Amino acid sequence: MQTAIWWIRRDLRLTDNQALTAAYKAASMVIPLFIIDPIFEQSNYVGSKRQAFLWEGLQVLHQALCALGSRLIIRRGVPEEVLVKLMRETGAEAIFAEEDYSNLARRRDGRIVKTLPLKLVGAPCVRPPGTVVKADGTPYTVFTPFSRAWKAQLLPAQTDILCAPTQINTPANLSTELVSNLVQGEAAVSFPAGEQTAQKRLQYFVQTSIADYADARNYVAQAGTAHLSPYLRFGMLSARQAVVAALRACETAADAPQQKSAETWLNELIWREFFIHILYHFPFVAEMSFRERYRNLAWRNNVEAFDQWCNGRTGYPIIDAAMRQLSQTGWMHNRARMLVASFLVKDLLIDWRWGERWFMQNLIDGDPAANNGGWQWAAGTGTDAAPYFRVFNPITQSQKFDPAGKYIRQWLPELAALDNKQIHAPWRVPLLDQYRIGCVIGRDYPAPIVDHKLARQRALDFFKLP
DNA sequence: TGAAATGTTGGGGCG
DNA sequence: ACGCCCCAACATTTC
């Protein structure tokens, strides 16, 4: 084959890329193509931070391609039209792309594959949907048996890492949008885009933090987690490489606790795959609760309360710190995600889909499957979800997982003067002390918008079966 | 990947 | 010495 297109969607990497490998093995000329589909720019579920991360990732990928004698072609438009035009222009005979199992992508690819030579190779997960099913062929809806089957049937071939190409030949004189024109606005300081950064972080994580991950991951002020989600989201790191690193850490662990830690992280990667499978087998979860009995709840959906939650003004420091971390950095610690989700759904009785949308608009790592799965889990509406009566206490969770108030002080400087005992529930500080410290509740920081004790009881009544 | 309510146990103070 | 009470610590149940 003379020319093939490598259609890049969410696999912005050269290492361990099955679609790219298939393309350059099949054809002597490869056109790395990214299509800016207007449908995503209009979506309510796309935010500027993730967009900026993507643009930066494309820029980095372009530079990496240039070093191999190639370059990135960026075109704007409806994918099938862009592809047809480029094929006519270049005589390309095939299109290679990595699978994308999210709903929009499946519809799009389903259309395209009927008329164009689109070959879907490789996946954003190690075990593609359909390959982990029960004996009777139906999908798992409970995590533990899913993970057991996922691990048991892991083939050695699924852990072979593909090398990056050393050279890619690309036709000259193809028109392209300039990636430098796309990159605007502030890039995410904590997450430089690109596969090099992803590789470095993975190495750092497995060499240092993974040994204590099981415990350290709970502490919101600590860097106890891998910080890889944005890279996995855009395929700047292959899921396979992350899994291989986790398996190796399990094997080489020095003692039982270290091994448990590595296994805990592997399980998190498997949760990610679980939710990809769930969305694939039950695409309706994107629109509604997985569990039927929770589909017609009379949510309070108080707009003002939602606004206060979004802006980190609920009066509960751990919640507000987390929400400000999200809006300022585009990322939130995982435990904090559970806490704010529990608070929105259970304390405020706001539809989990409102929270899901806000996360998609703000998270750099916002992914339809993982985000939906996480929200349905937290709301208790999903597969193998948290039971409705599991309500996080924002005060005791704060005391447990931010004992020194470091996280709160980082994101809520107005509370910095409170001591470690007071900072988790500042409204309990005597009024005279509030004035003395210079942090008056209702003036310098909001009073709690709900009483958690009452809200908890209200949630139990709300979710209890009729 | 919860937390509150309720139950049980055991040590120490005390009459 | 003994029984009784209190209460903290831990365990179990419940939502």
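**Helix packing, sheet, domains and DNA**

In this predicted model, helix 12 meets helix 17 through Arg272, Phe275, Ile276, Ile278 and Leu279 on the side of helix 12, and through Pro368, Ala369, Ala370, Asn372 and Gly373 on the side of helix 17. Sorted by class, the residues of this contact are seven nonpolar, two polar and one charged.

For helix 12 (residues 256–281) and helix 17 (residues 368–379), the angle is about 95° and the axes are 8 Å apart. Angles of 65 to 115 degrees count as roughly perpendicular, and helix 12 and helix 17 are therefore roughly perpendicular to each other.

The next element is a sheet. Strands of a sheet pair through backbone hydrogen bonds, and the pairing can be parallel or antiparallel. Here five strands make up an open sheet with parallel pairing, in the order 3-2-1-4-5. Strand 3 (73–76) and strand 5 (118–120) stand at the edges with a single partner strand each, so one side of each has no neighbour in the sheet. From one strand to the next, the twist averages 30°. Within the sheet, strand 1 (residues 3–8) and strand 2 (residues 29–36) run parallel and are joined by six bridges. Ala4, for example, has Val30 in strand 2 as its bridge partner.

At the level of the whole chain, the domain assignment divides chain A into domain 1 (3–122), domain 2 (125–161 + 195–281) and domain 3 (292–463). Taken over C-alpha atoms, the centres of domain 1 and domain 3 are separated by 38 Å. The contact between domain 1 and domain 3 takes eight residues from domain 1 and ten residues from domain 3. On the side of domain 1 that touches domain 3, helix 3 (residues 48–67) gives the most, with three residues. That side of domain 1 consists of two nonpolar, four polar and two charged residues.

Which residues surround DNA strand B? They are Trp271, Arg335, Phe389, Arg390, Val391, Phe392, Asn393, Thr396 and Gln397. By class, the surface near DNA strand B has four nonpolar, three polar and two charged residues.

Key. Residues are numbered from 1 along each chain as its sequence is written. Chains are lettered from A and ligands numbered from 1 in the order in which they are written. This is a predicted model: local features need pLDDT of at least 70, side-chain atom pairs count only at pLDDT 80 or more; totals for chains, interfaces and linings use all residues. Domain bounds come from an automatic or database domain assignment. Two residues are in contact if their C-beta atoms, placed from the backbone, lie within 7 Å. Helices (H or I, at least four residues) and strands (E, at least two) are DSSP runs, numbered from the N terminus. Ala, Val, Leu, Ile, Met, Phe, Trp, Tyr, Cys and Pro count as nonpolar, Asp, Glu, Lys and Arg as charged, and the others, Gly among them, as polar. A residue is near a molecule or strand if its C-beta atom, placed from the backbone, lies within 6 Å of it. Axes are lines fitted to C-alpha atoms, for helices over the stretch in contact, and angles run from 0 to 180 degrees between N-to-C directions. Angles under 35 degrees count as roughly parallel, over 145 as roughly antiparallel, 65 to 115 as roughly perpendicular and the rest as oblique. Two strands pair if DSSP finds at least two bridges between them.
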